[in-house]
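Biologist: Hello! I am new to this structure, and I would like to go through it with you, one question at a time.

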Amino acid sequence: MKNYTSISDIDDLESMIGEARSLKTKNTSSKVGEGKTLGMLFFNPSLRTRLSTEKAAKLLGMEVMVMNASKDGWALEFEDGAVMNSDKAEHIKEAAAVLSQYCDVIAVRAFPGLKDREKDESELVLNSFKKYATVPVLNLESATGHPLQALTDAITIQEFNQAKKPKIVLSWAPHPKALPQSVANSFAEMMQRFDVDFVITNPEGYDLDPKIRKDVKVEYNQEKAFENADFIYVKNWSSYEDYGQVKEIERNWTVDKSKLQHTNNARVMHCLPVRRNVVIADDVLDSENSIVIQQANNRTYAAQAVLKRILECAK
Amino acid sequence: MKNYTSISDIDDLESMIGEARSLKTKNTSSKVGEGKTLGMLFFNPSLRTRLSTEKAAKLLGMEVMVMNASKDGWALEFEDGAVMNSDKAEHIKEAAAVLSQYCDVIAVRAFPGLKDREKDESELVLNSFKKYATVPVLNLESATGHPLQALTDAITIQEFNQAKKPKIVLSWAPHPKALPQSVANSFAEMMQRFDVDFVITNPEGYDLDPKIRKDVKVEYNQEKAFENADFIYVKNWSSYEDYGQVKEIERNWTVDKSKLQHTNNARVMHCLPVRRNVVIADDVLDSENSIVIQQANNRTYAAQAVLKRILECAK
Amino acid sequence: MKNYTSISDIDDLESMIGEARSLKTKNTSSKVGEGKTLGMLFFNPSLRTRLSTEKAAKLLGMEVMVMNASKDGWALEFEDGAVMNSDKAEHIKEAAAVLSQYCDVIAVRAFPGLKDREKDESELVLNSFKKYATVPVLNLESATGHPLQALTDAITIQEFNQAKKPKIVLSWAPHPKALPQSVANSFAEMMQRFDVDFVITNPEGYDLDPKIRKDVKVEYNQEKAFENADFIYVKNWSSYEDYGQVKEIERNWTVDKSKLQHTNNARVMHCLPVRRNVVIADDVLDSENSIVIQQANNRTYAAQAVLKRILECAK
């Protein structure tokens, strides 16, 4: 694996998950990262992703250097041929080339603007780093995807699954702010790679990108979607059709205990941070059904498996 | 020692001080922290505490991850049952549980608001981490206490003391801003655990919390308090009675050389940063009487002894 | 070498460059820095300098602690005898003395204000650290110099030079903001230590400090200056005469391919970040003539050689 910018970069998903689970239990110190440096570049804030990836890198023996692009006022120019006489101090060509000399892997977080769909879908920041960096690039959540989260989710489902062909529901939930579709996108792509009964439920007007959703069933009735579910993955996202908008909805989509009634005692997942009693109710998060904490723990091992694979491939 | 959130967490004070002093001289590399991670979470800025604790952790072989909660805009919800539809993105329940998975010790700094005494005394942030974290919690200065500083102070006094039963004076001093009582509180508690002649001197209206002060003598005449003192610990704090207020005072409380006249050539201490010629005058800070720099150095060894004890206990 | 605050701190320039080049190729892990801590203190933002110096320190086995003085609101008082009752919380005397206990080397970045020439030339921040710190001080770019960059530049020229006595031109170039003279100053000083044909070209009104320039030829005609050049070092700086001003200039000073015509197929250098098509045109930066990326890479080895020398001397 040269880069990990989308889940399609993983050929052998089963062995990747196996590696992550083995790293988790064995706590092996393979030290494949010794003498190597991970540069983490944040165009948007991060807590969980930063900590878990930093921890993963250090478990492999890597040094970690963190750069907060926005806070350090390091505005990058991405346009070819630009006359740089305003606020952008450095072009991506130099930035990526120089970072490639100081770092052995460059990890980048760059959220969508949620104003211009085409621009967000071009993944300008991530793809520019892929184009101009001479070392592997790791996606720490980009405009349209969050592949480290999706790998974490696959690991977690495999750990908790007891059904032969589990029913897995991705459920939209309310949120006061307009959020990216990244987590939902990567989760939907990931589920399509397994032999599971995968259903998406969201209010009308909130259908995910058809290029990603493909022929996954969308059920607009949340309660119906939940019937016999083994796993419910809860997440808010803003509208894809009315791009980036938060639309008025009629019913209550918050996931509470009563909604789990007709599930198969479903495990409830969320990528965190989660707004209690808006996205998921206390009576679910504080119950045995919630596996959100165990899921967060797997972020470390997903990142560790990915970094290990990248370093082994770069040798 | 499971946590270190108050000096009452130390049972065997003498052996703790001995350990710190031994770590200081031997520069032993016990590496009890190898493979362990310290997460330092700052709700308020820090320089000395961050650097000395980071250094202490690394001397023990630990990895350190720093999170600036305020700057990263990571507003936490502490209220049970809150409907999180405004600015708080994560509940302490998830935050503490997740950090407990990425870190082996969680260190927290959270100052008081100095508006609502009852709220500050509830130590909401620190106690919530103690409640919801599943790993040890270290206090990097909370609303009402600074136990790492107090341990540092005890080490420093023991290093410099030559009297059988030294006279130690905690003296209030002026400051342009309203400051917490934390440092003074923990120092006062610490001194009560030793066989010393301990006196507090402050202007009327500046008495510390009676629950902490207990039956320690308060002398409102600073010069009288200083008579025959072996150690003078200078520190500003805002009023406890008129909670958080900076009150008009009549006399000059700045500690200068002339005030040391009737002391026993007293050593002068301060936790730093110190405002020269407001809190302590140049003629003291630049003299042999001042041991503030040596005191600051002991921050590292106090933190190292505490972290070592916590890690050994957690094994 | 006790400190590295100016290139005059290097006695044996050739052996220093040799050491840096040897560290680069051998990737030796001498670990002279094991158990040592580098404290990097930024009064101004930094990306390249921070990353390369951090990497250099870690390659030597050092721990690194980064402090952002401005962002952490840590305003220092530098004046002797000041009554510190306003916004400055700590005096340089304490700050430097305490940092000297937590760190084995203190690295400082402090830009000029570009308002008051005399004040900038006094190098108050850097010199105060030199005065009050008890450990070596490393200049990460100060008001008037950038000696780590100049050492990098000397290494790079030696790597690429094929002439017996190369012609090296330092060329001013346009920039929308008023920039320090630090990089140009240190480069001009460095070139005067080699047996090279060194010329400075800049618009009238942009002559560098005569104390630094000494008898180096200044050619106001850029094209004439470029004739037969082997290396062209491009850099903007604000006026020294009309201190800190950006003056109207008549001709176009941007370095593009057509200007390289009469050079000896010159190598083009810049310290980065570079504003494309303002300072240097795309057709140069994207050509074989540009060695700016290789030059940036040498930042690591310049810093590594300097830190190694400082640590060996401090033993």
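## Domains and chain contacts

Modeller: Let us begin with a charged pair: A:Lys24 forms a salt bridge with A:Glu159, and their closest N and O atoms are 2.8 Å apart. Please keep in mind that this is a predicted model.

Biologist: Thanks! Into which domains is chain A divided?

Modeller: The assignment gives chain A a domain 1 and a domain 2. Domain 1 is written as two stretches, 7–146 + 298–314, and domain 2 covers 149–296. The salt bridge we began with joins A:Lys24 to A:Glu159. By those bounds, the names asked for are domain 1 (7–146 + 298–314) and domain 2 (149–296).

Biologist: How many salt bridges are counted between domain 1 of chain A and domain 2 of chain A?

Modeller: A salt bridge here needs a side-chain nitrogen of Lys or Arg within 4 Å of a carboxyl oxygen of Asp or Glu. A:Lys24 and A:Glu159 meet that rule with closest N and O atoms 2.8 Å apart. Between domain 1 of chain A and domain 2 of chain A, the count is two salt bridges.

Biologist: What area is buried between domain 1 of chain A and domain 2 of chain A?

Modeller: The size of an interface is often given as the accessible area lost when the parts come together. Here the centres of the two domains of chain A, taken over C-alpha atoms, are 26 Å apart, and 30 residues of domain 1 are in contact with 33 residues of domain 2. Carbon and sulfur atoms give 56% of the buried area, and the total is about 2,700 Å².

Biologist: In domain 1 of chain A, which residues lose the most area to domain 2 of chain A?

Modeller: Three residues together make up 26% of what the domain 1 side buries. They are A:Ile7, A:Leu114 and A:Asn298.

Biologist: How many residue pairs are in polar contact across the interface of domain 1 of chain A and domain 2 of chain A, and which element gives the most residues to the domain 1 side?

Modeller: The rule finds 21 residue pairs in polar contact, counting pairs with both residues at pLDDT 80 or more. On the domain 1 side, helix H1 (13–26), helix H4 (117–121) and helix H11 (292–314) of chain A each supply at least two residues. With seven residues, the element that gives the most is H1(A).

Biologist: Now for the neighbouring chains. What area is buried between chain A and chain C?

Modeller: The contact takes 27 residues from chain A and 28 residues from chain C. Carbon and sulfur atoms give 53% of the buried area. In chain A, the residues that lose the most area to chain C are A:Glu94, A:Gln101 and A:Tyr102, together 28% of what that side buries. The area buried between chain A and chain C is about 2,400 Å².

Biologist: Which element of chain A gives the most to the side that touches chain C?

Modeller: There are four salt bridges between chain A and chain C, including one between A:Lys93 and C:Asp286, with closest N and O atoms 2.9 Å apart. Strand E2 (63–68), strand E4 (90–91) and helix H3 (92–102) of chain A each supply at least two residues to this side. The one that gives the most, with seven residues, is H3(A).

Biologist: What kind of rotation axis relates chain A and chain C?

Modeller: A rotation of 120 degrees, with 0.0 Å of shift along its axis, superposes chain A on chain C with an RMSD of 0.0 Å. The two copies are therefore related as by a three-fold rotation axis.

Biologist: And how many salt bridges are counted between chain C and chain B?

Modeller: This contact takes 27 residues from chain C and 27 residues from chain B. One of its salt bridges pairs B:Arg48 with C:Glu90, the closest N and O atoms being 2.5 Å apart. Between chain C and chain B, the count is four salt bridges.

Biologist: One last question: in which helix do B:Lys308 and B:Glu312 both lie?

Modeller: B:Lys308 forms a salt bridge with B:Glu312, with closest N and O atoms 2.9 Å apart, and the structure holds 60 salt bridges over all chains. The two residues are four residues apart, about one turn of the helix. Both lie in helix H11 (residues 292–314) of chain B.

Technical notes:
Residues numbered from 1 in each chain as written. Chains lettered and ligands numbered in written order. Predicted model: local features only at pLDDT ≥ 70, side-chain atom pairs only at ≥ 80, totals over all residues. Heavy atoms only, no water. Domains from an automatic or database assignment. Contact = heavy atoms within 4.5 Å. Buried area = accessible area lost by both parts, 1.4 Å probe. Polar contact = N/O pair within 3.5 Å; in protein donor to acceptor, adjacent residues only side chain to side chain. Least-squares fit on C-alpha atoms with pLDDT ≥ 70 in both.
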